[in-house]
Amino acid sequence: MTDEQWRAPVAARTGALDLFGSGEGGSVPAPSFEARAAIWRDQQAGLISFAEAQRRSAAVGAAPTQSLNDGKSGKGVARPPVARPRHQRPVPNDSRQYAQPMATTAARDDRLTPNAKAFLQVLRARCGKGRETTITKGTAGNIMARSTRTIRRYLIDLVRFGYIELSIYRSPRGLHLGLMVKLTEKVMPFFEEAKGLARWLAETPAALFEPFKGVQASGKQGVTLLSSRNQVSKNHSLQVLNGQGDVRRARFRPPD
């Protein structure tokens with residue numbers, strides 16, 4: 001202990017060697033000495049462990065560490081990343097990935113966060129024409145620019161409210177390779193389900209649902225006639241016979 005930590009003369013230091021007493025001889029110890037004494041009193045009372053008391057005692061009077069906001073942290077000192085404004089974040093990479101038709105139920109669900117809804121759209125795009133896809137939390141974090149803990153919260157919310165079903169994807173030897181994500185009926189469009197399509201057809205008025213309205217029925221069964229818009233009404237052969245067409249283009253010899 002250096003002389004700067006005492007405000008009393010050298011002759012009076014011997015009276016303040018009692019760490020847990022009030023001190024004798026009229027000496028006034030430095031604030032760092034009083035702080036260490038309070039720490040060891042707590043350790044003697046059983047409030048903190050011996051290792052914790054040593055750590056706190058060593059920290060008293062130490063040089064203050066450099067601020068984390070100055071961007072110049074010391075070697076070995078962890079510094080949290082500086083939050084970047086939204087308009088200054090990097091532009092996402094170009095991609096040809098697109099999402100198949102999906103219901104807007106999740107988009108209108110206030111129980112989900114906006115990023116969880118966006119993550120559900122990404123899962124729908126990964127499923128393609130099916131309903132299942134395999135993914136890891138690390139891969140999803142790179143896609144969404146979020147941590148794995150945040151992806152875990154998204155997955156928990158989507159499972160809790162019935163939008164996806166999760167299972168562990170294993171290798172033939174039983175090793176865990178990732179997560180198997182299966183979309184539920186709440187995500188798929190109504191026409192993907194036979195019951196939903198039949199219900200829509202039953203609710204649609206007959207006047208609005210006439211897919212074969214432009215087709216003209218012929219007298220023979222199984223034969224349909226094209227409408228006048230798709231069929232040429234002019235017959236070149238009849239025009240040649242009537243003397244209105246070009247005889248040289250006809251393949252038969254005109255009558256005498």
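Leaving aside its neighbours within four places in sequence, which residues is S57 in contact with? This is a predicted model, in which local features need pLDDT of at least 70 and side-chain atom pairs count only at pLDDT 80 or more, while totals for chains, interfaces and linings use all residues. Residues are numbered from 1 along each chain as its sequence is written, and side-chain values use heavy atoms, with hydrogens and water left out.

The contacts of S57, apart from those neighbours, are R36, I39 and W40, where contact means heavy atoms within 4.5 Å. S57 lies in helix 2, and helices (H or I, at least four residues) and strands (E, at least two) are DSSP runs, numbered from the N terminus. With a relative accessible area of 11%, S57 is buried, since buried means under 20% relative accessible area, exposed over 50% and partly exposed in between, using a 1.4 Å probe and protein chains only. R56 also lies in helix 2, which spans residues 50-59, but R56 is partly exposed, at 34%. When residues up to four places away in sequence are not counted, R56 touches I39 and I48, and its C-alpha atom is separated by 7.9 Å from that of R36, a residue 20 positions away along the chain.

From these residues we can turn to the whole protein chain, which has seven helices and five strands and, read along the sequence, follows the pattern α-α-α-β-α-α-β-β-α-β-β-α. Of its 256 residues, 21% are buried.

The strands can be followed through strand 3 (residues 176-183), which pairs with strand 1 in the antiparallel sense over four bridges; two strands pair if DSSP finds at least two bridges between them. Strand 2 (residues 164-170) and strand 3 also pair in the antiparallel sense, over seven bridges. L179 in strand 3 is the bridge partner of I135, and I168 stands opposite L179 as well. Strand 1, residues 132-135, has a covered face with T133 and I135 and an uncovered one with E132 and T134. Five residues lie between the strands in the hairpin of strand 2 and strand 3, where G174 takes a positive phi near 95 degrees.

The last stop is empty space. Rolling a probe the size of a water molecule over the atoms shows where empty space is left. The largest pocket holds about 680 Å³ of space; on a 1 Å grid over the protein atoms alone, a pocket is an open set of points where a 1.4 Å probe fits, with protein on both sides within 12 Å along at least five of seven lines, and lining residues have an atom within 4 Å of a point. Its lining has 17 residues, with P92, N142, I143, M144 and A145 nearest the centre. Helix 3 (114-127) and helix 4 (137-144) are the elements that give two or more residues to this lining, and helix 3 supplies the largest share, four residues.

A145 sits in the loop between helix 4 and helix 5 (148-160) and is exposed, with a relative accessible area of 60%. Most residues other than glycine have a negative phi, whereas phi of A145 is near 55 degrees, a positive value.

How values were computed
Grid points are joined across faces, edges and corners, and a volume is the space filled by probe spheres set on the points.
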